[in-house]
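Good morning, and thank you for coming.

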Amino acid sequence: MKTSRIPGFYNLLLDERTCIVAEWAELTSDEVAALRESLSLAQADKMIENVIGRHALPLGLGLNFIINDREVLVPMAVEEPSVVAAVSNAARIARAGGGFLTGSTDPIMIGQIQVLDVPDLDAARQAVLDAKEDLLARVDQVHPTLVARGGGARDLTVRILRETPAGPMLVVHLHLDVRDAMGANLVNTAVERLAPEVERLTRGRVNLRILSNYTTERRAWAVCRIPVSAFSEKGMNGRDVARGIVEANAFACADPYRAATHNKGIMNGIDAVAIATGNDWRAIEAAAHAWAARDGQYRALTDWYMMGDLLVGKLELPLAVGIVGGATKVHPTARVALKILGVRTAQELAEIMVAVGLAQNLAALRALASEGIQRGHMRLHARQVAIAAGAEGEEIDEVAARLVEEGNVRESRAREILERIRKS
Ligand code: MEV
């Protein structure tokens with residue numbers, strides 16, 4: 001049976017790691033090449049304007065994930081050391097509770113039409129609502145292929161903003177099921193097409209016609225239930241660590257200064273998968289932070305609490321990601337990342353991303369509530385230094401452990417230690 005639990009993966013040579021993932025995901029030689037060569041200059045030149053080169057990031061693999069009983073390897077593109085190791089460690093701990101369970105709403109995006117100079121706001125609102133069926137049918141005519149794929153217009157709502165710096169305005173929201181697309185283009189086309197009819201119905205003047213990145217109707221969630229005994233590592237009492245995690249979460253629920261850092265840690269994981277799969281991480285960030293402030297105060301996105309001997313963690317947020325169109329389609333590494341994930345729908349991708357965010361948060365809180373974050377960073381840094389000094393296989397851990405013990409993480413010292421190990 002396939003397992004994402006691959007002990008010692010970090011000690012393998014890069015080529016060996018590539019072989020493992022190639023076998024796991026049945027990658028072709030072209031796909032393996034795409035992991036290494038990534039985007040060509042010619043492809044880059046077609047993606048954006050004024051291209052002068054490419055900008056690469058390391059692509060790592062988050063290990064140990066079980067999501068809805070499926071073993072999952074998670075490609076993550078990120079510049080920050082420790083993120084991939086930390087999330088893999090948390091996913092390993094979560095396995096003690098069966099991993100993560102996830103769910104999501106239908107992939108419904110919102111498009112906004114801003115209407116000004118409306119003579120009678122309440123009458124205009126009613127006129128738009130009375131024409132709802134007709135307006136929704138117009139949208140489906142614009143996007144017949146989307147309808148054929150099971151998506152299409154779902155609802156239309158009207159909000160009145162009575163007081164704004166530019167006076168009162170009416171806002172029409174179109175709810176569009178975009179299926180496996182991120183959906184920005186689908187939504188923007190739809191609201192642009194609806195605007196003249198909305199103008200006629202409201203007798204107002206339409207200004208903006210654009211999607212909302214606050215994608216409240218397109219949410220995903222993940223839950224884990226971990227026996228506290230899983231935290232009894234390195235001489236620590238598992239229940240104390242679990243309690244520390246609950247207390248850390250409470251801090252972020254009550255204090256925006258802590259919540260920003262807490263949520264940044266969650267987004268370390270979510271963004272890394274977004275970038276690996278060619279998704280728009282700014283859109284994802286915008287939605288996450290707006291959701292974190294939905295009751296008027298910016299708070300933690302997660303919930304952690306004790307249930308008997310279990311530590312329960314939950315994360316839910318609006319998450320608009322696609323697996324067709326845009327960079328997901330043209331970026332060769334993004335295509336391979338999606339293949340490694342084995343996702344068939346955008347919803348599945350969003351759900352994995354939320355599980356990764358929850359695991360990333362667990363990793364941070366566990367470290368912060370026990371040994372502190374710097375020790376782990378130091379250990380990882382020491383490993384890199386040991387490798388740079390020429391350590392191989394089991395030597396790496398041995399040299400790294402000595403460097404940490406001595407509190408002297410320098411390459412010159414690593415070389416000395418290595419020499420001594422090899423002589424003995
Ligand atoms: C660092 O990138 C992220 C953390 O600061 C998150 C947190 O404090 O929860 C470790």
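**Domains and a helix pair**

The protein chain has three parts: domain 1 (9-101 + 220-371), domain 2 (108-212) and domain 3 (376-423), with bounds from an automatic or database domain assignment. This is a predicted model, in which local features need pLDDT of at least 70 and side-chain atom pairs count only at pLDDT 80 or more, while totals for chains, interfaces and linings use all residues. Residues are numbered from 1 along each chain as its sequence is written, and side-chain values use heavy atoms, with hydrogens and water left out.

The centres of domain 1 and domain 3, taken over C-alpha atoms, are 28 Å apart. Their contact (heavy atoms within 4.5 Å) involves six residues of domain 1 and eight residues of domain 3. About 560 Å² is buried between domain 1 and domain 3, and carbon and sulfur atoms give 39% of that area; buried area is the accessible area (1.4 Å probe) that two parts lose on being put together, summed over both. On the domain 1 side, Y10, N11 and S82 lose the most area to domain 3, together 67% of what that side buries.

I turn now to the helices, which are DSSP runs of H or I of at least four residues, numbered from the N terminus. Helix α10 (residues 256-276) and helix α14 (residues 346-368) have axes that come within 8 Å and cross at roughly 135°. Axes are lines fitted to C-alpha atoms over the stretch in contact, and angles run from 0 to 180 degrees between N-to-C directions. The contact includes H262 and I266 of α10 and M353 and Q360 of α14.

Notes:
Helix = DSSP H or I, 4+ residues; strand = E, 2+ residues; numbered from the N terminus.
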